[in-house]
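Please look at the sequence and the structure below, and keep both in view while reading the short report that follows.

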Amino acid sequence: MAYLHERKQLHEVTRDLAAVAMGTQPADLIIRNGRLVNVNVGRIQENVDVVVRHGLIALVGNADHILKDENTQIVDAKGRFLVPGFIDSHMHVESSMVDLRSFAAGVLPHGTTTICPDNHEITNVFGVKAVELFKQSAAGLPLKVQVAMPVCVPSIPGFEDAGAVITDQEVTEAYSHDWAALQGEQMNFPGVIYGDPGVHAITAASLRAGKVLTGHYASADLNAGLNAFVASGLTADHETTTAAGAMRRAELGVYVQQRYGSAWLDLPNLIKAVLENPGLDTRFFTMVTDDVSPATVAYEGHLVRVVRKAISLGVPPITAIQMVTLNAAQLLEKARWIGSIAPGRAADILIVSDLSAVTIEQVYADGVLVAENGKMVIELPKYEYPQWALQSVHLEKLTDQDFVVSSESADPVNVRVMRLVPGMVHTEEEHIKMTPVNGELKVDPSRDLAKVAVFYRHEPKEGLTGSRGYGFVTGLQFNENCAYASTVSHDCHNLLVVGTSDSAMMLAANALIESGGGIAVVVNNQIQAIFPLPLGGLMSLETVEVAAVKVREVEAALKMAGCPHDSVEMTLSLLGLIVLEELHLSNRGLVALKPGRPPEFVSLVI
């Protein structure tokens, strides 16, 4: 039978908690003989008992005087470690390619008990009603879901077209209905530092509502630009890729959200700021996943994977755990509720047998055993989605002529090309000489030159100024007659098609138009893999394990197409993310974002 979780608020039960602690009312749960990883003071306490009532901790210490009745559960930790549940302060459920219910079942066994999903992916498709949908679908979950209000829809207004537009009015509406607990990443950092009135109106709405504001500052300017960003109220950022950038953010009182996802692996570079400065106060250092594939969750874990990586790099286990517990809770201004095993806090407790290996044997969420030895022990109910959420691709079938890139010149021309950088979020702009053939600019697999097209795929709307954009990419190493198509194209999630022939690109695109969204790979002009994603064109309704198999099929097909890189589908999904340096493609055309300069449209041919 499916389990519906109930959660008490502290203000409702203070008298009961006090009575349990004083030994005048029986406890619901007593965990005895644990080695407490006390993140408050950064040390391990031996032989500690933890007492729980109504899902909240009533006592940490000696429980010999605690009352018990027939409903009291007693667990002997047998000297194992008691660790607070892990908190991911910045992530996107959509990147796991499953819905929130399946995601919760996937990450709880790995010790993640709180997430802050910035669901700007599906909000780019459906608008503010997607935020409400996320809030509703979180009801009854033992996973704590602190929705982060998307504020960049589209990511840079005027440069691309999403399925919706989010302004300060929608942001205010979401806060007023309690659909969102914090502000999601402000990716339009040029709008912040150059004073865009719409961006600052959104900022003001979040500040008036008393919310924590998270950022996405993708610039190397660590003086004027970063100070302008922070002075505007942004208190956390996950977009730095250097130790110097991490240190500078911490110095300015910004929480560094060190990223270690499936494709962008910044943690080893960032953690040097800690490792090379012994004695550094690490309170402003946290760790996040940002984007992880279902294969990563299923086969490697979620935040626990990040903690293990930090420890392997030389971070003391307690310090690494602080970064995903207390530090993250303080970032969220929720440390009185989550982030530590202490009285009055939620009983999110991991029983860990090996601290250095972070071997999690039991997971308690609000005092309820939800997972054991890597498996859920309760069944989470499925969520019934409205039809509008399952119908998001509004494109007629395409022909090979829709992929032609015309040239007005018959002479050789210099073309702006995006270089894909495996494992990194940015691209590099290169200029490559191309000779038009019969009035067209064509791909050239022998030079590792593939074509990219982005098609607007949301509901038709007035004022659409560009339904499609074209460009070229290198670094993918596709063979002839291969293509990749996806409706997962950050952040507008228009239809992205990359390929080495127009016929292959057409075949991949039309497969997704028929299936209602997803990912398709064509090898030698034949569909090699397809992964349908009906929820917003972004998410499957299957389990994480099933989605992991599908992603592996896509990745295997990409290898067959000639691409040698791992998790390249996640890197490809960023070719349309115009808030990243240096050159990206939207449905309106090529957008350049260079250090110290606002974004600008640039021509394909120089």
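## The second largest cavity

Strand E23 (483-486) and helix H18 (568-572) each supply at least two residues of the lining of the second largest cavity, where helices (H or I, at least four residues) and strands (E, at least two) are DSSP runs numbered from the N terminus. A cavity is a set of points, on a 1 Å grid over the protein atoms alone, where a 1.4 Å probe fits but cannot get out, and lining residues have an atom within 4 Å of a point.

Among the residues that line this second largest cavity are Trp264, Asp291, Tyr484, Ser486 and Glu569.

## How the model is read

This is a predicted model, in which local features need pLDDT of at least 70 and side-chain atom pairs count only at pLDDT 80 or more, while totals for chains, interfaces and linings use all residues. Residues are numbered from 1 along each chain as its sequence is written, and side-chain values use heavy atoms, with hydrogens and water left out.

## The largest cavity

Of the 18 residues that line the largest cavity, the closest to its centre are His216, Asp290, Asp291, Leu574 and Leu577.

## Cysteines without a bond

The structure holds zero disulfides, a disulfide being a pair of cysteine sulfur atoms within 2.5 Å. Cys116 is in no disulfide, and the nearest cysteine sulfur, that of Cys152, is 17 Å away. The sulfur of Cys492 lies 11 Å from the closest cysteine sulfur, in Cys152, which is too far for a bond.

Cys116 is buried (under 20% relative accessible area, with a 1.4 Å probe and protein chains only), its relative accessible area being 1%, and Cys492 is buried with a value of 3%.

How values were computed: Buried < 20%, exposed > 50% of the residue type's maximum accessible area, 1.4 Å probe, protein only. 1 Å grid on protein atoms, 1.4 Å probe; cavity = no way out; pocket = protein on both sides within 12 Å on 5 of 7 lines; lining within 4 Å.
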